[in-house]
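Reader: I would like a close look at one end of this model, and then an account of the rest that I can follow with the picture open.

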Amino acid sequence: MNGIDWVSFLLVAGAALISSCAVVALYALGLRMLSTAGKAPHVTPAEFTDAITIVTPTEAAAEAKRIKKAAARSPLTPWQKRLALFVAYTCFVICGLVVLFGIYLIVPALHEH
Amino acid sequence: MRPPGSPRTRQASRARYSRKTSVDFTLIVVLVIVLALFFDFTNGFHDTANAMATPIATGAMRPKIAVALAAVLNLVGAFLSTEVAKTISNGLIKEGGGGVQITPTMILAGLVGAIIWNLVTWLFGLPSSSSHALFGGLIGAAIVGAGFASVDYLVLLDKVIFPALLSPVIAGFVAFCSTRLAYAITRRYDRLPDGRAGFRFAQIFSSSLVALAHGTNDAQKTMGVITLVLISAGALAPGSNPPVLVITACALAIAVGTYTGGWRIIRTLGKGLTDVKPAQGFAAETSTAATILASSHLGFALSTTQVASGSVIGSGLGRRGSSVRWGTAGRIGLGWLMTLPASAVVGAMAAFIGLLGVVGVVIDLVVAVGVIVLIFAISKRNQVSARNAFQGVNEVAESGRVVKIRKVKPKKARGQAA
């Protein structure tokens with residue numbers, strides 16, 4: 001066997017591109033819908049690796065409050081908010097399933113008999 | 001007094017001789033196993049960064065927790081599959097009929113080359129492929145032991161060189177597209193919070209997937225080497241699977257290496273190439289995981305390290321307002337180019353000394369241990385650990401640590417600057 005197997009190379013590139021973009025787009029859409037529904041997540045870094053931006057717990061709490069307040073100014077009706085939340089959670093669930101599929105691919109005992 | 005040529009003494013001396021050679025033989029087998037496990041340790045140590053550099057850089061996980069998680073997943077991953085365990089020397093070095101008999105001494109020399117090159121790249125903080133180092137070391141040893149004809153250069157080109165050139169390109173492109181998409185979807189123009197900090201949570205899962213995939217692949221290389229040595233020593237039947245003890249030992253070695261964490265490489269990947277933000281980090285990890293899984297299932301083997309570095313660069317290009325430090329990227333590329341020949345040269349030298357027999361093996365080991373100790377001694381001069389992996393990258397950050405500059409409160413009620 002000489003030369004690169006270009007077919008399998010393109011196959012790998014295409015599969016990686018599609019699956020990665022799908023997962024990222026789904027999760028991003030989920031976050032977008034959460035913030036649209038006025039529930040933007042606030043995740044403070046576990047550790048401030050960049051020594052300049054050190055946020056004390058008080059500051060973090062203030063930030064969370066500010067975000068909540070800003071998000072509450074959403075122009076959506078309650079039903080629209082509920083719909084957005086539903087879409088958001090659906091996206092996260094699909095993302096979780098894709099991760100499970102990834103684990104299925106990693107563990108040979110699951111897909112080989 | 002019997003004359004020296006009498007049957008009894010001849011028998012006795014033969015018995016003594018054969019016992020002696022068998023002791024020597026098991027000694028070298030034990031040495032190869034110890035070195036293989038140490039290589040496994042450096043492999044885990046080197047590759048923690050692939051999975052955990054970006055979540056540590058964005059603060060998704062505390063550094064110690066991140067490396068502990070990676071270690072556990074590598075440990076679990078090592079038990080999950082033994083598929084690739086024997087691919088390490090198959091094909092690349094011609095074996096069997098008309099080919100070379102790979103001796104334990106040659107494997108020992110190859111391992112010395114791989115370990116030393118892994119530690120040198122770690123000292124310079126360069127993410128480089130551990131499998132290339134292992135291939136290089138074995139190739140160098142095979143050339144000395146059996147001549148230039150013993151290596152199948154076409155296979156080498158197809159299976160190692162071309163994938164090495166292509167993997168960062170694929171991963172970079174995938175990560176670029178993913179990053180663009182992540183930012184485009186979450187971008188808001190109405191000054192309401194965009195929730196991008198939520199990507200931090202997802203990073204825990206995406207990086208775990210990379211760590212698990214790494215565990216199923218990389219621990220097996222060492223298992224393959226140890227099994228090969230045991231087969232060549234006659235302790236195992238040809239074609240048998242790695243024994244449970246070997247699997248356990250390799251899994252533990254790679255897990256301990258991962259937990260120790262090559263903080264210099266984590267620093268390079270997490271902060272040296274580009275400043276990673278949560279959305280970008282998630283996109284980079286997802287593309288790393290997707291590329292590795294696609295490559296291992298569709299039969300175009302790619303190196304985890306090169307995929308991970310390519311992803312980080314691609315995501316740096318994909319985020320608006322971020323820049324990629326091409327100087328660092330160039331140094332990493334140079335490291336990749338040198339990995340194969342450099343470890344081959346070290347492996348060849350070790351194999352050359354090993355030709356002297358037992359004395360040569362002893363010299364090899366003494367020199368190798370000396371070099372390893374020297375590298376660790378040099379590394380003590382500016383120690384990089386979980387505590388300071390991302391500090392001291394620039395002087396401003398360092399001064400920030402000293403004078404405790406407070407973050408200026410943002411005036412707008414906009415979300416986090418994530």
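Reader: How many contacts beyond four places in sequence does the model have for residues 414-418 of chain B, where pLDDT stays under 50?

Author: The model has 15 such contacts for residues 414-418 of chain B. This is a predicted model, in which local features need pLDDT of at least 70 and side-chain atom pairs count only at pLDDT 80 or more, while totals for chains, interfaces and linings use all residues. Residues are numbered from 1 along each chain as its sequence is written, and chains are lettered from A and ligands numbered from 1 in the order in which they are written.

Two terms in your question need their cut-offs. pLDDT is the predictor's confidence in each residue, from 0 to 100. Two residues are in contact if their C-beta atoms, placed from the backbone, lie within 7 Å. Residues 1-23 of chain B also have pLDDT under 50 throughout, and for them the model has four contacts beyond four places in sequence. Where pLDDT is low, the predicted coordinates should not be read in detail.

Confidence in chain B is lowest in helix H13 (residues 395-403), at a mean of 48, and highest in H10(B), at 92. Chain A averages 81, and 86% of its residues score at least 70. Within chain A, the lowest mean is 75, in helix H4 (residues 108-111), and the highest is 90, in helix H1 (residues 6-36). For the complex, the predictor gives an ipTM of 0.86 and a pTM of 0.83.

Next, the make-up of the chains. Helices (H or I, at least four residues) and strands (E, at least two) are DSSP runs, numbered from the N terminus. Chain B has 13 helices and zero strands, and chain A has four helices and zero strands. A residue is buried if 20 or more other C-beta atoms lie within 10 Å of its own, exposed if 12 or fewer, and partly exposed in between, with C-beta atoms placed from the backbone. Of the 418 residues in chain B, 56% count as buried; of the 113 in chain A, 35% do. Among contacts in chain B between residues at least 6 apart in sequence, 87% join residues at least 24 apart. In chain A, residues 24 or more positions apart make up 70% of the contacts with a separation of 6 or more.

The largest nonpolar core holds 147 residues, and Val32(B), Leu35(B), Leu111(B), Val112(B) and Cys250(B) touch the most other members. Helix H1 (residues 7-58) of chain B gives the most to this core, with 17 residues. A nonpolar core is a set of buried Ala, Val, Leu, Ile, Met, Phe, Trp, Tyr and Cys residues joined through C-beta atoms within 7 Å. Setting aside neighbours within four places in sequence, Leu111(B) is in contact with Val32(B), Leu35(B), Ala36(B), Phe39(B) and Gly137(B).

Residues up to four places away aside, Thr304(B) touches Asp47(B), Asn50(B), His214(B), Asn217(B) and Ile292(B). Helix H5 (residues 153-186) of chain B and helix H10 (residues 304-318) of chain B have axes that come within 6 Å and cross at roughly 40°. Axes are lines fitted to C-alpha atoms, for helices over the stretch in contact, and angles run from 0 to 180 degrees between N-to-C directions. The residues of this contact divide into eleven nonpolar, ten polar and one charged. Here Ala, Val, Leu, Ile, Met, Phe, Trp, Tyr, Cys and Pro count as nonpolar, Asp, Glu, Lys and Arg as charged, and the others, Gly among them, as polar.

Ala350(B), Ile353(B) and Gly354(B) of H11(B) meet Gly360(B), Val361(B), Ile363(B) and Asp364(B) of H12(B). By class, this contact has four nonpolar, two polar and one charged residues. Pro341(B) also lies in helix H11 of chain B, and Pro341(B) is partly exposed, with 13 other C-beta atoms within 10 Å.
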